[in-house]
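Subject: Structure for you to look at, with notes

Dear colleague,

My notes come after it.

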Amino acid sequence: MRDTEGRQRQRSDQVARIGLEHVLLFYDYVDRGDIEGYMSLLDAQVDFRLPPAGASRGKSESGALARTHFDSRGMHRVHRWRTDGETVVVEGDFTDLGTLVTSEFTDLFGFSEHALISSWHRAHGTSRASNR
């Protein structure tokens, strides 16, 4: 039993480590509008929940939601992250380049056994206008 738990924990840690790399790439791809890039990081059964944009299920629907809500519109800045089992929690802010409004966010990502993004749930914090 100890061996199974040890292996399971090791697999979870590895999935979270690779998953974190995928999350950081995902933000970069979304900010640059690289549709093929961010779609390559999604599991076929991915589930997105992005208020106020809504929710989506499946790779094509979730990719369309990300494209509509973020595509080349702004910039994500990650301030901190933590891994827990096979999930990654990210805190940061997103600046909409059209309105120059910056919103804080907390994102929770889940991963498939192959470390592809299987879920992305976002909670928004406060928003502020840029002083530019």
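This is a predicted model: local features need pLDDT of at least 70, side-chain atom pairs count only at pLDDT 80 or more; totals for chains, interfaces and linings use all residues.

Residues are numbered from 1 along each chain as its sequence is written, and side-chain values use heavy atoms, with hydrogens and water left out.

Salt bridges

Taking a salt bridge to be a side-chain nitrogen of Lys or Arg within 4 Å of a carboxyl oxygen of Asp or Glu, a search of the whole structure gives seven of them. One of these links D28 to R32, with 3.2 Å between the closest N and O atoms. Both residues belong to helix α1 (residues 2–32), and because they are four residues apart there, about one helical turn separates them. (Helices are DSSP runs of H or I with at least four residues, strands are runs of E with at least two, and both are numbered from the N terminus.) D28 has 35% relative accessibility and so counts as partly exposed, where buried means under 20% relative accessible area, exposed over 50%, and partly exposed in between, with a 1.4 Å probe and protein chains only.

A further salt bridge joins E91 and R82, whose closest N and O atoms are 3.6 Å apart. E91 is partly exposed at a relative accessible area of 21%, and R82 is partly exposed at 48%. Through salt bridges that share partners, R80, R82 and E91 are joined into one network.

D47 lies in strand β1 (residues 42–50) and is buried, with a relative accessible area of 11%. Its side chain meets that of R49 in a salt bridge of 3.5 Å, N to O, and R49, at 41% relative accessibility, is partly exposed. The side chain of D47 is also joined to that of H121 by a polar contact of 3.3 Å; such a contact is a pair of N or O atoms within 3.5 Å, where within protein one must be able to donate a hydrogen and the other to accept it, and residues adjacent in sequence count only if both atoms are side-chain atoms. Leaving aside residues up to four places away in sequence, D47 touches S56, R57, S62, S118, S119, W120 and H121, contact meaning heavy atoms within 4.5 Å.

β1 pairs with strand β2 (residues 54–57) in the antiparallel sense over four bridges, pairing being assigned if DSSP finds at least two bridges between two strands. The two strands form a hairpin with three residues between them, and the bridge partner of F48 in β2 is S56.

In helix α3 (residues 59–70), the buried residues are S62, G63, L65, A66, H69 and F70. They lie on the same side of α3, because they cover an arc of only 155 degrees around the axis, the arc being that of the directions from the helix axis to the C-beta atoms. The face turned away from this buried side carries the exposed residues S60 and T68.

Finally, S103 is placed in strand β5 (residues 101–111) and is buried at a relative accessible area of 15%. Not counting residues up to four places away in sequence, S103 touches G92, D93, F94, H124, T126 and S127.
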